[in-house]
Each structure stands twice: as C-alpha cells, then as structure tokens.
Amino acid sequence: MKTAFTFVPSSQHEFPDHPERPGRLDVLEPLLHTFDAERIEATRAKPEQIALVHQPQLIKAIEEVCRQGPAIIDHAPTYVTKTSYDDALLAAGGVIACTHAVINGNSNNAFAIVRPPGHHAEPDRAMGFCIFNNIAIAACEALQHGMERVMVIDYDAHHGNGTQAACMDNERFGFISTHQWGIYPGTGWITDAPHAKGRLVNVPLHEFAGDKTFERVADKIFKPIVEKFHPQMLLISTGFDAHWNDPITSLGLSTQGFYNISKKLVQLAEEYCKSKIVFVLEGGYDPHNVANGAGAVFDALTNSPLKKDAHDPSPYPDVDHESRIQEILKWHGIT
Ligand SMILES: [Zn+2]
C-alpha cells in the first residue's frame with residue numbers, strides 16, 4: 001500500500017500582494033515527483049458535500065460573489081476571484097479524494113496539498129483566507145462512510161476556529177489545535193468548550209514555542225487525548241506557518257521539527273487508528289518552508305528518515321511550556 005497525494009494549486013485564485021497566493025507552492029511543485037507517493041486526481045466536491053459543514057445560504061452567496069469577482073469578502077482580508085468557487089470545490093474535493101482512498105484501503109495514508117486553505121471557514125462564514133473548510137468537510141464525509149469517530153489535529157500556527165465551530169456539537173468529531181496565542185483569529189483558549197472536555201482541546205502556545213515544545217505536547221497531550229477519544233482516523237491540518245521564520249507568524253518550528261511532529265502523528269495513527277491518517281495543507285507563507293515541510297510530511301508518511309534536512313534550527317531558545325501543558329491536562333481531567 002502506498003502513500004497518496006492530491007495537488008490542487010488553484011493557479012487563478014490570486015490577488016495582488018496577498019500572502020495566500022499560488023506562488024506558495026512554486027518551490028514544492030517541481031519536487032512532487034521525487035516523493036515516494038502516488039498522485040490521485042481530485043474532482044470537485046459536490047455542493048451537498050460542502051453542506052455537510054456549511055449553510056446552504058453561504059454556499060450560494062460564495063458562488064454568487066465569485067461570479068462577480070474579484071472581491072474582498074472579509075477584513076483578514078479574504079479574497080475571491082471569478083474562479084474561486086470552483087477552486088474551493090476542487091480543494092475540498094482533493095481532501096475528500098485522499099480521505100476516501102485511505103478509508104477504502106487503496107492507500108495507506110495521504111497528503112492533500114490544496115489551496116485555498118480551509119480551517120478558518122466557519123459553517124456560516126468564509127474568513128481568514130479560507131472559503132470552505134476542506135478538512136471539516138472531509139471529516140464529516142468520513143463519518144458518513146463508515147468511520148464512527150474521527151479527530152482533526154491542527155498544527156497550523158493559527159487556531160482552527162472554523163474546524164472548532166464545525167465539530168462543536170458533534171460528539172463523533174474530535175479536535176486538537178496547537179496555535180500561537182494572541183494572533184488571528186483570537187479564539188482557541190483552553191476553556192473554549194466546557195461541554196466537550198477530552199474531545200475539543202485547545203493548546204495555545206507562546207511565540208517561539210519551538211521543536212521540543214511540540215514534541216512534549218504530542219507526548220503529553222495528543223497521545224492521551226487520542227487514546228481516550230479513540231478515533232478511527234486522524235486528519236491533520238498542517239500549516240508550515242509554524243516555522244520560525246514564517247513572514248506572518250512565529251511558533252519556532254524547524255524542518256526537523258515538522259518531521260518529528262508529523263512522525264509522532266503517523267505513529268499515533270498506527271497505534272490507535274489502523275494507520276489511517278490524512279495530512280491537509282493549511283497555511284505557510286514562505287515557499288521554501290512549504291517545500292521543506294511538505295518533504296518532511298512525506299518522509300513521515302512513508303516511514304523514511306528525514307531525507308532533506310534544511311538545516312534551519314530556530315535561532316530562538318525554546319520557551320518552556322510545562323505549566324501550560326499541566327493546565328491543559330487538568331482542564332481535560334487527564335492526570
Ligand atoms: Zn495559519
């Protein structure tokens with residue numbers, strides 16, 4: 001069984017001087033053939049699949065505003081062009097294709113490299129450079145096709161507020177998000193969802209948290225939460241904006257750090273989810289970091305050592321997070 005991937009670059013979804021641009025994938029694209037993975041074609045998600053997460057009025061409104069595009073639709077700013085509705089359907093379809101390949105057993109695991117990203121999009125609004133919530137839609141699709149419980153783990157530098165909103169009242173849908181506290185969108189505190197302790201887990205971090213902190217969080221928080229919630233599949237929102245020199249955020253990860261955290265997630269899936277895991281691209285605004293990070297994810301998925309270390313350790317010391325980790329465990333009743 002192989003690792004599968006989809007690639008949806010949405011080359012016409014572009015706006016002048018915007019960081020979420022097709023060029024994010026320019027360094028990665030020529031390297032795709034070098035990874036030990038098989039490309040599968042994405043097809044557009046059907047509006048009824050988008051409606052597993054989003055309100056029908058929002059889907060119609062997005063289709064309408066795109067037809068008249070280009071336009072700015074929120075203050076992030078989130079933009080649309082004339083092609084963005086179709087691009088967003090294809091991005092969601094790319095994640096769904098990977099999810100089905102893994103559920104059906106055609107692939108061992110998969111990586112959906114798609115844009116526009118999705119994790120900020122809430123059921124009733126597009127926001128934060130995101131139009132439709134690709135990963136939440138795929139999670140709901142998985143729940144409709146044989147999975148009893150799924151869990152999204154989001155290590156993008158920003159809080160996955162849209163995914164949190166999508167799973168808030170769905171007891172079969174778990175969510176863990178690590179994110180830099182105090183930046184956009186401002187949500188994601190530990191106590192956001194008191195009704196969903198053990199299932200909806202926020203891990204707000206200080207800037208330059210660093211590689212070692214992410215490993216500690218994986219061992220001390222991800223593992224017991226996954227063990228307790230016991231999902232049959234993991235979906236990973238991977239954002240390479242968690243790299244220490246990302247132009248818009250600063251969480252302190254290196255390429256080796258992306259490899260280590262991704263490897264731990266693959267091992268969790270092996271231990272608890274019969275290896276079922278799909279990585280999904282969210283943010284990351286330096287094209288070299290995106291290419292290096294994606295290489296690290298492929299190496300983790302294919303059980304390889306890190307083949308191309310960018311030798312880019314963070315120049316900042318890791319920030320100690322032991323008391324924060326203990327605070328989070330206490331809130332969720334994990335001792
Ligand atoms: Zn982000």
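1. Starting with the metal: the zinc ion is coordinated by Asp-156 (OD), Asp-156 (OD), His-158 (ND1) and Asp-241 (OD), with distances of 1.9 to 2.8 Å. Keep in mind that this is a predicted model.

2. On geometry, the 4 donor atoms subtend angles of 51 to 155° at the zinc ion, so the arrangement comes out as irregular. For four donors to count as tetrahedral, all angles would have to lie between 85 and 135 degrees.

3. Along the sequence, the donor residues follow the spacing D-x1-H-x82-D. Asp-156 is buried because its relative accessibility is 1%, and His-158 also counts as buried, at 9%; the cut-off for buried is under 20%.

4. With a relative accessible area of 1%, His-159 is buried.

5. What does the side chain of His-159 have 3.4 Å from one of its polar atoms? That would be the backbone nitrogen of Gly-188. Leaving aside residues up to four places away in sequence, His-159 touches a list of residues including His-119, His-120, His-179, Tyr-184, Asp-192 and Asn-202.

6. In soluble globular proteins, nonpolar side chains tend to be buried together.

Definitions and conventions:
Residues numbered from 1 in each chain as written. Predicted model: local features only at pLDDT ≥ 70, side-chain atom pairs only at ≥ 80, totals over all residues. Heavy atoms only, no water. Donors = N, O, S within 2.8 Å, 3.2 Å for Na, K, Ca; no water. Tetrahedral: all angles 85-135°; square planar, octahedral: opposite > 155°, others 65-115°. Buried < 20%, exposed > 50% of the residue type's maximum accessible area, 1.4 Å probe, protein only. Polar contact = N/O pair within 3.5 Å; in protein donor to acceptor, adjacent residues only side chain to side chain. Contact = heavy atoms within 4.5 Å.
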